[in-house]
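Here is a short briefing for a first look at this structure. Keep the sequence and the 3D view side by side as you read.

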Amino acid sequence: MGIEIERKFLVVGDGWRAQAQKVVPMAQGYLNDLAAMDAGGDGRAAMKASVRVRIAGDEAFLNLKSRELGHTRQEFDYPIPVADARDLLALSVGGLVDKRRHYVEHQGHLWEVDEFLGDNAGLVVAEIELASADSEFARPDWAGAEVTDAVRYYNLALATRPYAQWSQAERDGAV
């Protein structure tokens with residue numbers, strides 16, 4: 001079983017750009033949505049995992065992630081042919097999430113800075129994966145408010161209700 005321990009932060013400023021070592025374009029979609037995760041709605045049990053299809057550069061993956069809120073979840077990631085991923089993306093529920101992922105080293109840790117495009121343009125989020133929930137890490141000055149526990153920043157939520165639809169209060173983090 002794969003376990004993902006990840007913390008997520010809003011990005012402030014552009015200080016991270018000069019440190020980025022590579023960038024990978026990504027397109028991803030989900031074969032289920034938040035409603036399916038929360039309750040079956042039609043009498044079926046709620047889904048306990050998101051099912052994501054991602055094309056990252058010239059690679060593609062099928063990913064299942066448990067629905068726990070917070071920094072620790074079960075995660076399973078499987079490489080698939082890009083042609084299959086394109087076909088699966090056409091079956092996605094909600095919109096596609098397009099982004100550029102920038103890889104940034106900071107004091108011994110790899111940060112993934114996602115710069116969203118399309119309906120999520122204007123949103124920039126940084127994630128750090130950790131070996132354990134209590135791992136210490138140096139937080140760069142461009143890592144602003146932590147949003148690990150805020151569901152609206154999960155990519156599954158962005159596919160369902162993109163950043164372009166958020167109120168100003170939501171964008172400001174007040175809600």
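A residue counts as exposed when its relative accessible area is over 50%, and as buried when that area is under 20%. Arg 86 has a relative accessible area of 55%, so Arg 86 is exposed. Note that this is a predicted model.

- Arg 86 belongs to helix α2, which covers residues 82-89.
- Val 53 is 33 residues from Arg 86 in sequence, yet the two C-alpha atoms are 8.6 Å apart in space.

**Strand pairing**
- Strand β2 (residues 20-30) pairs with β6 through nine bridges, in the antiparallel sense.
- In that region, Pro 25 faces Arg 100 of β6.
- β2 also runs antiparallel to strand β3 (residues 49-56), with five bridges between them.
- Gly 29 has Val 53 of β3 as its bridge partner.

**His 102**
- His 102 sits in strand β6, residues 93-106.
- Its relative accessibility is 9%, so His 102 counts as buried.
- Beyond its close sequence neighbours, within four places, His 102 touches several residues, including Trp 16, Lys 22, Trp 111 and Val 113.

**Nonpolar cores**
- The largest nonpolar core holds 14 residues, and Trp 16, Trp 111, Val 113 and Trp 142 have the most contacts inside it.
- Strands β1 (3-11), β7 (109-116) and β8 (124-129) each give at least two residues to this core.
- A second, separate core has 13 residues, among them Leu 123, Val 125, Tyr 153 and Leu 156.
- Setting aside residues up to four places away in sequence, Val 113 touches Val 11, Trp 16, His 102 and Trp 142, among others.

**Aromatic pairs**
- There are six aromatic pairs.
- One of them joins Phe 9 and Trp 111, which are tilted at 50° between the planes and lie 5.7 Å centre to centre.
- This pair links distant parts of the chain, since Phe 9 is in strand β1 and Trp 111 in strand β7, 102 residues apart.
- Phe 9 is buried at 0% relative accessible area, and Trp 111 is buried at 0%.
- Tyr 163 and Trp 166 have ring planes at 65° and centres 5.0 Å apart, so their pair is edge-to-face.
- Both Tyr 163 and Trp 166 are buried.
- One aromatic cluster consists of Phe 9, Trp 111, Phe 137 and Trp 142.

**Charges over rings**
- Lys 22 places its charged end over the ring of Tyr 103, 5.0 Å from the centre.
- The charged end of Arg 171 sits over the Tyr 163 ring, 4.2 Å from its centre.

Technical notes:
Residues are numbered from 1 along each chain as its sequence is written. This is a predicted model: local features need pLDDT of at least 70, side-chain atom pairs count only at pLDDT 80 or more; totals for chains, interfaces and linings use all residues. Side-chain values use heavy atoms; hydrogens and water are left out. A nonpolar core is a set of buried Ala, Val, Leu, Ile, Met, Phe, Trp, Tyr and Cys residues joined through side-chain atoms within 4.5 Å. Buried means under 20% relative accessible area, exposed over 50%, partly exposed in between (1.4 Å probe, protein chains only). Helices (H or I, at least four residues) and strands (E, at least two) are DSSP runs, numbered from the N terminus. Contact means heavy atoms within 4.5 Å. Two strands pair if DSSP finds at least two bridges between them. Rings of Phe, Tyr and Trp (its six-membered ring) pair if their centres lie within 6.5 Å; planes under 30 degrees apart count as stacked, over 60 as edge-to-face and the rest as tilted. A charge sits over a ring if NZ of Lys or CZ of Arg is within 6 Å of the ring centre and within 35 degrees of the ring normal.
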